Amino acid sequence: MNPLKALLKIFNLDINDVEEELMTIGLRKEIKLDQFPKLQEINQVLSMFPYRDHLTINLLDNSETLHVVNETLVIDESEYNRFIKENKELENEVIISINITKRIEDEKVSVYILKSFIDMIQNKKITEIMKIFSNLLEKYNKISFVNYDDLSNFYTKTISMINSEKKFDKKGYDRNENLEKIKSIGNFINNVEYRLLPEDFDIEYSSIDTIVKEKFSKIRTILSIIYISNISKIENEKLDVHLSGYQNKDFQIDLENLVNRDNYEDIYEIYKWTYKEGNISDKINLVRNVISLHCKYSGILEIDNKTFASIKSNYEIYLKKNLDKYIELKNKATEFTMQTYTQINDISLDFISSLKKNIIAFVTFLLGTILTNVVSDSKLDNILTNDIVAICYWLLAGSIVYLVISIFELNFKFNRYTNSYFQLKNSYKDLLDDDDIEEIFEKDKGYIENKELISEIKIKYAILWTIFIIGTGIAIAIFKNIDVISKMQMIMKNIQAIINIFN
């Protein structure tokens, strides 16, 4: 039940005597003393009002003002009865003053007389309504009008009229994010004064009077045009728009003489398509190009579904060209990846082959020496003479140097591969966004695998190579009764010295 109507009823007052603004309600009326209800009836009605609204009821005669209700404070019953009795005896005329100050809490504001709300929408200028809602949404992000008058309701993504105290919630819509996105694309001179979006006035459901729907449709259309234009400005109830496309076009729209048309829905759909998904910069440029051609001999308010169809067709052509280019770039990246796998295999095999050749050369030297001396019937201890042992150690030292050089060569080849890989990847930045590049290069999966493979081979075979050198040196030393520890220390010092040279 409507609390205000219930209050008026117990005082036998007419709803037409009430003046309701968006945030205030006022009534001042002379009434007869026999119209006054009991204080208990007043208290029952007061309990029906929402806690966020503050009510005052004052009774005025020639001598005093009686504050029946002052905010949340209610007068004592004896005082109320005294006032009525004295004025009856003196046959005074009494004026009743009722005032309600509405406050917004939990994103809700009360509407007690729906007609007053509709009249406000109808009678105020478009720019005035835009300022009202801009201020509300700037502060509260969403706003719900609680309609106590009847069951009429409506909702957009941010503005709603509801019939209960239950909170209206449109999830999944980030208004501030969309405002920032739009701000980066165009230049709306009044963007601080009117921080609004077309979605704020796109009525998704309504059982309310057509006046509200028509006014909201006009504002939605105005905002859609603003956000698909390059530069726009509202001044003196006129919207000036500049569009830079294939042709530069300027338009002016008289906001107060704006008449609703069926094609306004298409204007909003163009805006919505532009900012919905995909590359917004590319889409807005295409939209401006097509509209500038379609409006060569007509106004921007005349764009319709044919214009929208042309925009979508041009975008499909644009996407196909980009898709062909994308496939070509992806094929090049795939080809490079396949080539690098071959290169990595060659690099790995070259390093392993160097180890094999080194071992084979050393073993060949030893076997050759042994076989030569066996043929000459010399004893084994005469085969490994001091000169041969010295040559063996020199060969082992050379093998250490060869190991270090091979590692250096392996690192050099892999660094060249790394530079080529990232140069190719960086060259795509002018053509694709970061997400596309990461997808094409599989987030560097192939590069990381190759890096790990090279590191594994380098460590594994360097260890095997080192074990072979040290093991051979120790074996010769044991056979010739050489001080192994001192020789090992000398070899390790030589290895460390060589490694330091390359670090």
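1. Basis of the model. The model is predicted, so local features require pLDDT of at least 70 and side-chain atom pairs count only at pLDDT 80 or more, while totals for chains, interfaces and linings use all residues. Residues are numbered from 1 along each chain as its sequence is written, and side-chain values use heavy atoms, with hydrogens and water left out.

2. Overall content. The protein chain contains 15 helices and 15 strands (DSSP runs numbered from the N terminus: H or I of at least four residues for helices, E of at least two for strands). Of its 503 residues, 44% are buried (under 20% relative accessible area; exposed means over 50% and partly exposed lies in between, with a 1.4 Å probe and protein chains only). Its accessible surface is about 27700 Å², 52% of which belongs to carbon and sulfur atoms (Shrake-Rupley method, 1.4 Å probe).

3. Contacts along the sequence. Among contacts (heavy atoms within 4.5 Å) between residues at least 6 apart in sequence, 70% join residues at least 24 apart.

4. Surroundings of Tyr227. Neighbours within four places in sequence set aside, Tyr227 is in contact with Ile182, Phe188, Tyr194, Leu196, Leu197, Pro198, Tyr271, Tyr275 and Ile284.

5. Helix α2. In α2 (residues 39–46), the buried residues are Leu39, Ile42, Val45 and Leu46. They lie on the same side of α2 because they cover an arc of only 120° around the axis (taken from the directions from the helix axis to the C-beta atoms). The buried residues pack against α1 (3–10), β3 (54–60), β4 (65–70), β5 (73–74) and α3 (77–90). Exposed Gln40 and Gln44 are carried on the face turned away from the buried side.

6. A five-stranded sheet. An open sheet of mixed pairing has the strand order β7-β8-β10-β9-β12 (two strands pair if DSSP finds at least two bridges between them). Its edge strands, β7 (108–111) and β12 (205–206), each pair on one side only. Within the sheet, β9 (residues 154–155) and β10 (residues 159–162) run antiparallel and are joined by two bridges; Phe154 has Met161 in β10 as its bridge partner.
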